Amino acid sequence: MSNLRKTAVAVFALSSGVAFAGAMGPVCSSVNVTVPCESTAWDFGAKALYLQSSVSNTPGTVQETYTDLSGNAGSTGQNPQYGWGFMIEGSYHFNTGNDLNLNWYHINNANSRTVGASGPFNNSLSGLYNITQTKGVSTFSVDPHWDAVNLEVGQHVDFGENKSIRFHGGVEYARLTANTTNTGTTLVSGTIQGTALSVPTITTVSSYNPTYNGFGPRAGADMAYDWGNGLSLYANGAAGLLAGSSKYTTNTLSTDGVGGGAGGTITGSSTIIVPELEGKLGATYTYAMAQGDLTLDAGWMWINYFNAVRSTGSNGDFGLQGPFIGLKWLGNIA
């Protein structure tokens, strides 16, 4: 009987200690995951984009400087600059947080750079040749285009009072071009094995015109944190996998002004699958109006299409990055 009492006291003391320790520790509660109440609405929006293109492994899109052994310096190429574009969209909202969204992105930021005369650049081998090349004025032009049309079905989900995620999936069509043109002159003089050269100024024009058209599935998530009073911060991400046609044409023509010339055209085409990644960071401010909600949206975006730009023996990425700002109006349907 004494042993039974001792055992009962020990169990009671242990259970009391556990309860006391549990009461002193942190108390966690699960977050309610909900969807909005059923409603029907339309929204329309537009954004101004100010993006810089990046095209790898493309002739003339890298701005370079060079110096020969005599210290003469020159430069070539034109790095794509920032340019204006737009995005327009429209959505139909239905059921409990569902939406059907159609959006179109477009940018065309052609720019060029003219390089003044440089040189002379000497190239000699004693007893065989002694040639001097003087570079005249050169112009480097780059003209990237980007169009993307996305059709998405989304589902809005709330995680507590402040956090929400819009999951979406759909299809994307994209068209990418990155045309470049280089025009320059060179004055060649000197001797080859003691014989003077009689070559006037040589004019060279070269162009490279890659194009990619692709279509495929796309999915992503738009995550938002509500700070209250209409202000929200967001981080959005999406990925796509596009199948399509990659084509290119390369033209080169050199003329010496007296009937001589050389050059040619190379064309190529292939069907490829291109992965695409994109991300956005930004903030929104929503103002409630009598006939709906007006939202101001501003942020920064990054987009990259992998191995979409192809040429003879090489391929490269097509990317864009830069700021944007826009407005969206959401109106409920009674």
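**Note on the predicted model: strand pairing, salt bridges, cavities and selected residues**

1. Strand β2 (residues 41–55) and strand β5 (residues 82–94) run antiparallel and are joined by twelve bridges. Strands here are DSSP runs of E of at least two residues, numbered from the N terminus, and two strands count as paired if DSSP finds at least two bridges between them. Within this pairing, Leu51 stands opposite Gly83 in β5. Strand β2 also pairs with strand β16 (residues 314–332), in the antiparallel sense and over 13 bridges. There, Trp42 stands opposite Gly331 in β16.

2. On the basis of the values: this is a predicted model, in which local features need pLDDT of at least 70 and side-chain atom pairs count only at pLDDT 80 or more, while totals for chains, interfaces and linings use all residues. Residues are numbered from 1 along each chain as its sequence is written, and side-chain values use heavy atoms, with hydrogens and water left out.

3. The count of salt bridges comes to nine, a salt bridge being a side-chain nitrogen of Lys or Arg within 4 Å of a carboxyl oxygen of Asp or Glu. Side chains of opposite charge can pair when their charged atoms come close. A network of salt bridges links Asp99, Glu152, Arg166, Glu172, Arg218, Asp222 and Glu278.

4. Arg166 forms a salt bridge with Glu152, and the closest N and O atoms are 3.1 Å apart. Because Arg166 lies in strand β10 (residues 163–192) and Glu152 in strand β9 (residues 129–159), this pair ties together parts that are 14 residues apart in sequence. Both Arg166 and Glu152 are buried; by the rule used, buried means under 20% relative accessible area, exposed over 50%, and partly exposed in between (1.4 Å probe, protein chains only).

5. Glu152 also forms a salt bridge with Arg218, with 2.4 Å between the closest N and O atoms. Arg218 lies in strand β12 (residues 201–228) and Glu152 in strand β9, so the pair ties together parts that are 66 residues apart in sequence. Glu152 counts as buried because its relative accessibility is 6%. Arg218 counts as buried at 7%.

6. Arg218 has a further salt bridge, to Glu278, with the closest N and O atoms 2.8 Å apart. Since Glu278 lies in strand β14 (residues 261–289) and Arg218 in strand β12, parts that are 60 residues apart in sequence are tied together by this pair. At 14% relative accessibility, Glu278 is likewise counted as buried.

7. Two cavities of 30 Å³ or more are found in a search of the whole structure. On a 1 Å grid over the protein atoms alone, a cavity is a set of points where a 1.4 Å probe fits but cannot get out, and lining residues have an atom within 4 Å of a point. Grid points are joined across faces, edges and corners, and a volume is the space filled by probe spheres set on the points.

8. The largest cavity has a volume of about 40 Å³. Its lining includes Leu176, Pro210, Tyr212, Arg310 and Phe318, and β10, β12 and β15 each supply at least two residues of that lining. By class, the lining divides into seven nonpolar, three polar and one charged. Ala, Val, Leu, Ile, Met, Phe, Trp, Tyr, Cys and Pro count as nonpolar, Asp, Glu, Lys and Arg as charged, and the others, Gly among them, as polar.

9. The second largest cavity has a volume of about 30 Å³. Among the residues that line this cavity are Trp146, Asn150, Glu172, Glu278 and Tyr305. Glu172 and Glu278 also belong to the salt-bridge network. The largest share of the lining, three residues, comes from β9, and the lining has five nonpolar, one polar and three charged residues.

10. Asn307, in strand β15, has a phi near 55°, a positive value in a residue other than glycine. Asn95, in the loop between β5 and β6 (98–108), also has a phi near 55°. Most residues other than glycine have a negative phi. Asn307 is partly exposed because its relative accessible area is 34%, and Asn95 is partly exposed at 38%.

11. Ala298 is in strand β15 (residues 292–311) and is partly exposed, with a relative accessible area of 32%. Not counting residues up to four places away in sequence, Ala298 touches Tyr234, Gly282, Ala283, Phe324 and Ile325, where contact means heavy atoms within 4.5 Å. Ala298 and Lys47 are 251 residues apart in sequence and 8.7 Å apart in space, C-alpha to C-alpha.

Methods: Helix = DSSP H or I, 4+ residues; strand = E, 2+ residues; numbered from the N terminus. 1 Å grid on protein atoms, 1.4 Å probe; cavity = no way out; pocket = protein on both sides within 12 Å on 5 of 7 lines; lining within 4 Å.
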